[in-house]
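The sequence and structure come first, followed by the notes.

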Amino acid sequence: MTAPGIERLGVHVPRWSLDRRELAANWSTGGGRGSRAVANYDEDAITMGVEAALAALGPDVDAAAAEIDAVLFATSTPVFTEKQHAAVVATALRIRATICLDVTGSLRAGVDAVRMAAALVQAGTASRVLVVAADRRDLPPGSAHERVSGDAGAAVVIGPRRHLATIDGQGTVVDPAAGVWRLPGDHCTRVADDRFVTTELLTPWLADAALAACAEASTPLADVHGAVLAAPLTRVEEAVASRFGWPAPDGELGETVGYTGVAHPFLQLALALPARRPGELILVAAAGDGASALLLTVEDGPGRDAAASHFRAAVEHRRPLAVGMYQRMRGQLPTEPVSPFTSEMLLRREQSTGLELRGCRCSKCGRAHFPPRRICLECGAADAMEPIALSRSGTLFTHTVEHLFPVPVSHLVMGVVEVDDVRVYTQVTDSDPDDCAPGRPVVLVLRRLHDGGHLPHYFWKAKVVTGADTP
Amino acid sequence: MSRIAIVGMGKTAFGEHFARSYADLVIDAALDAVAGAGIGLDDIDAAWLGTAFSYTYSEEGNAGTALAEPLALWGRPVTRVANYCATGMDAVRHGAMAIRAGDAEFALVVGAEKMRDVAPRASLLGQHIERGHPVIAKGRTAPGIFGPIATRYAYEFASPREAMTAIAVKNHHYGSLNPNAHYRSEVSAAQVEKAPPVSGMIGVLDCCPTTDGAASVVLTTEERARELGVEYTVLAACELAATQGYFTAQFDTRNDFLGFDATRAAAATAYRKAGVTDPATELDVVECHDCFTVTEIINYEDLGLAERGTGYQLALSGETGPGGRIPVNTSGGLQSCGHPIGASGVRMVIDVAEQLLGRCEPGRQVAQAELGLAHALGGPGSVASVAIVARPERLT
């Protein structure tokens, strides 16, 4: 059997960019360079992960999803303290997973999830594993850590087929020392002394994990062509690269998006891959309670630059976010409290509608319906429906810019979207009112609708297709 | 078969009744109607209460007892009707059915809604934000139902904006002459167009306000009306059609977002039963559901007053205003009267009847009006009621 590797890679970058100088000026601290990515108010680790997975799975999502039998979800910013994220992600992607796991609690969770996925494939326990890694990290407001952080998601498919990269070696260092941590109820991550964390923890952790991965593959450090090293504080990447004589890291990701937690090594890899030729070696390492590293051989599989193009298109089409709006989205400023009605029983009954985006088709006359119904609107046949899976794209039929419904941004767009031969009436997100007009193409993205009953509700929203979605 | 007569009519002023309760409004409207009919509450055989939302923004309205209890109307059938914004007119339909069936000699119908026991934002808007389906159609509001229609109308035909302004100006003009209206001042076109946005093309002055009010009618047979010796009008038809659901209305691929099947279906039945073949020339006066100004444009087309795609031209022509061929919403409409949901449909029937009886104030009284129509549209185009009211001699 071929060594497992990375078959597919996808990334998601939110549409808001926050100017770091403006954020610093807001706290009268000065400084700041470039911008950071900010999740929209309806995005969290789950939704950013699903969007990255949709990007990874490519245009024929359902066919790609059908080949996957395990889903691992990595995050350091879980939405739920108790309740599985991977189950939500797998269901939204219409994946029938026999192994479904969350890997949380550490910033190296993404790389560790890939190591677990490779082991599952190697052992024949899973044929193909989707690893989703996403973070929406909150750091102390006004701190430099807040400025250099960013929100994003990434997803990779680990399997035996013709790869983007083969996993040749792995290494890990485990260390319980306190660098960053968060307790239940904390609004943001706590960070120990910068100098201590940088010099005593992150730098040696990454270096030791890299050494271990190379040792496992019996590869001299000097043979590594490039490395991506993910750490929550700046300067660590430079320090490790310079120690091993690797090329200085490219600043693109840090300049535009920031440190993206568990998603970071995959975003770095996405940007590093196009520059590497097949056969070259890349080391991917992420620090967090120690560090984990993968030694990859770049392969000639298709789409090596797809994720980088997607990333750059998304970054290019971002919208600037005002600091006040950022603080409101982040819960640093109060928003109008709302408590929409919910029912766990209803949500359970309609799970295939709301989460899987399934409608039905009348087996007597062929008329499709969404949401699904028992009696056909066309021919009146009763209980003659077959379930159908809707596409996640369509065109806008009509819309309105809503100013009364409370949202943390200035207004809400509601749209009627023609999807296949049904219509979906839903909120429009990540789009300017000027982008909306009858006939405009849209994609459907999973977003967090509200937290009625203290339960996050996910539903598909429409997003008008702009240059950001068509790399 | 005997015709249905409207013999008694009562209504509270529409507005913000901070000092009066739901029961006060119900009592005032009902006693007025019964007195107008020249009968007593003891003569009422059956009663219907139209209140769209109970226990929502006030303390009552959940059952027929919310009418029976304040009036001490015991020992008779008293039933609550709820059918979105068509609630009040549907209650009238139920009263008419009882008279027609011979089950009641006198039927009392009261529509009431007390929406200003809370702030407007917590009233109908609060319903959309905090109640209903947890995910389906979440984000929709009442103006949000009509914004996408304005968008589509502009895309298919022409921007309705100028016509919406004309309707706001017209209806507020009529409202300025109606002592029972919530808003009693004129608005200028510039005020309407500069008003803050609400949903798409719809601005604040394209919207009806949030209002308290109650309205009531007493129905009986035409024979009994003649015996009473009171002035009366004939309820020639009062129909309801349901054509859409609530949460899923905007999902239906048959919906062109240019009109409402419910209005068309209810109007078709009403016209047939009342013998109206050309509503645009036969009707003398119309009260239609102008919850938002764009809705009135759509109603013109759905009610057959204008061809499809030309309702905006009718609005701009002036023919639906003072001195026009077919004045619409001479009460000031929902735009000026406000829209206490359960009360509105009853109030509209009364406003048409008062026109036919020549009881309206100068400036809004339509000369020689003999045949009128009242129309209420409920939910996201889910249900509609259409009533035809006539002077007795108009119908043969």
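In this predicted model, the sulfur of Cys360(A) lies 8.1 Å from the closest cysteine sulfur, that of Cys376(A), which is too far for a bond. A disulfide is taken as a pair of cysteine sulfur atoms within 2.5 Å, and the count over all chains is 0. Local features need pLDDT of at least 70 and side-chain atom pairs pLDDT 80 or more, while totals for chains, interfaces and linings use all residues; side-chain values use heavy atoms, without hydrogens and water. Residues are numbered from 1 along each chain as its sequence is written, with chains lettered from A and ligands numbered from 1 in written order.

**Cysteines**
- Cys360(A) is buried at 3% relative accessibility (buried is under 20% relative accessible area, exposed over 50%, partly exposed in between, with a 1.4 Å probe and protein chains only).
- For Cys207(B), the closest cysteine sulfur belongs to Cys208(B) at 7.1 Å, too far for a bond.
- Cys207(B) is also buried, with a relative accessible area of 13%.

**Cavities**
- The whole structure holds 3 cavities of 30 Å³ or more; a cavity is a set of points on a 1 Å grid over the protein atoms alone where a 1.4 Å probe fits but cannot get out, and its lining residues have an atom within 4 Å of a point.
- The largest cavity contains about 80 Å³ of space, a volume being the space filled by probe spheres set on the grid points.
- Its lining includes Leu107(A), Trp205(A), Pro232(A) and Asp289(A).
- Helix α7 (residues 194–216) of chain A gives the largest share of that lining, 4 residues (helices are DSSP runs of H or I, at least four residues, numbered from the N terminus).
- By class, the largest cavity is lined by 9 nonpolar, 2 polar and 1 charged residues, with Gly counted as polar.
- The second largest cavity has a volume of about 50 Å³.
- Among the residues lining the second largest cavity are Arg137(A), His145(A), Val180(A), Pro232(A) and Tyr259(A).
- Its lining divides into 6 nonpolar, 2 polar and 1 charged residues.

**Thr260(A)**
- Thr260(A) sits in the loop between α9 (252–256) and α10 (264–272) of chain A.
- The relative accessibility of Thr260(A) is 0%, so this residue counts as buried.
- The side chains of Thr260(A) and His264(A) form a polar contact of 3.1 Å (a pair of N or O atoms within 3.5 Å, one able to donate a hydrogen and the other to accept it).
- Beyond its neighbours within four places in sequence, Thr260(A) is in contact (heavy atoms within 4.5 Å) with Asp135(A), Gly150(A), Asp151(A), Ala152(A) and Leu267(A).

Conventions: 1 Å grid on protein atoms, 1.4 Å probe; cavity = no way out; pocket = protein on both sides within 12 Å on 5 of 7 lines; lining within 4 Å. Helix = DSSP H or I, 4+ residues; strand = E, 2+ residues; numbered from the N terminus.
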